[in-house]
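Open the model in your viewer and keep the selection tool handy. We will walk through it one stop at a time.

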Amino acid sequence: MGRRPARCVRFQKNKPYIKSRFCRGVPDSKIRIYDCGAKKTNFDVFPFVAHLVSDEKEQLTACALEAARVACNKYLVKTTGKEGYHIRTRAHPFHVIRQNKMLSCAGADRLSSGMRHSYGKPMEMAARISIGQIIVSVRSKDNNAPHVIEALRRAKFKFPGRQKIMKSNKWGFTKFDREDYVRGRKEGWIRPDGSSVKYVAEHGPISKKNFVTHSQ
């Protein structure tokens with residue numbers, strides 16, 4: 001018995017059903033890598049960011065998320081090079097999908113119990129997505145913007161329902177607008193923090209770490 005098509009599990013019907021001590025024997029999610037590309041690149045290098053945003057309330061299977069990541073990654077490696085982008089899959093599949101296995105061989109009606117005891121077995125994982133939720137984000141250099149948008153367009157074909165591709169006004173994956181980010185880096189109240197940045201607050205005891213001038 002093969003995988004059922006996505007139309008069988010596309011809609012959010014019941015409560016989230018997650019892996020727990022009561023729901024055991026759940027197969028592993030197909031998507032294991034959520035960040036790919038040049039994920040350790042400094043935030044100053046990749047100012048451009050685009051998001052693939054869901055336009056429907058639905059469920060996306062782990063297979064679909066992995067297929068979208070592979071399609072997006074393959075196109076960007078070809079067009080921008082291995083170190084020219086960073087893809088982040090923002091949706092995580094935690095919802096367990098059950099299937100009531102039915103026999104389809106000859107004489108199945110004698111063997112199968114039909115809808116008696118029809119509570120299914122765990123088959124795969126899915127992410128529950130709401131309207132306006134970001135599914136995939138890609139950051140890159142400004143000159144790679146058309147390639148990023150095309151890569152997200154190709155990733156769209158792996159999902160059911162409608163999605164929109166949106167360019168962001170933020171700097172990379174940070175929460176700061178471009179003008180604020182440039183000003184903050186110049187004045188010192190935005191500092192690099194691993195693969196992200198952090199805001200140095202104006203209040204608190206003055207020390208070497210937070211001694212910066214915030215312009216009004």
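**Stop 1: a helix on a sheet**

(Axes are lines fitted to C-alpha atoms, for helices over the stretch in contact, and angles run from 0 to 180 degrees between N-to-C directions; helices, H or I with at least four residues, and strands, E with at least two, are DSSP runs numbered from the N terminus.)

Before going on, note that this is a predicted model, in which local features need pLDDT of at least 70 and side-chain atom pairs count only at pLDDT 80 or more, while totals for chains, interfaces and linings use all residues. Residues are numbered from 1 along each chain as its sequence is written, and side-chain values use heavy atoms, leaving out hydrogens and water.

Now select residues 145-156, the 12 residues of α3. Which residues of α3 are buried? They are A145, V148, E150, A151, L152 and A155, where buried means under 20% relative accessible area, exposed over 50%, and partly exposed in between (1.4 Å probe, protein chains only). These buried residues pack against β2 (48-54), α1 (62-80), β7 (134-140) and β8 (163-167), with contact meaning heavy atoms within 4.5 Å.

**Stop 2: the sheet**

Next, show the 5 strands of the open sheet, in the order β1-β4-β7-β2-β8, with antiparallel pairing. (Two strands pair if DSSP finds at least two bridges between them.) β1 (35-37) and β8 stand at the edges with a single partner strand each, so one side of each has no neighbour in the sheet. From one strand to the next, the twist averages 15°.

Zoom in on β4 (residues 85-89), which 5 bridges join to β7. Here T89 stands opposite V136 in β7.

**Stop 3: salt bridges**

How many salt bridges does the structure hold? There are 15, each a side-chain nitrogen of Lys or Arg within 4 Å of a carboxyl oxygen of Asp or Glu.

Select R88 and D35, whose closest N and O atoms are 2.9 Å apart in a salt bridge. R88 lies in β4 and D35 in β1, so the pair ties together parts 53 residues apart in sequence.

Then try K164 and D55, which meet in a salt bridge at 2.9 Å, N to O. K164 is in β8 and D55 in the loop between β2 and β3 (58-61), 109 residues apart.

Finish in α4 (residues 178-187), where R183 and D180 are 3 residues apart, about one helical turn. Their salt bridge has its closest N and O atoms 3.4 Å apart.

Definitions and conventions. Expected span 1.5 Å × (residues − 1).
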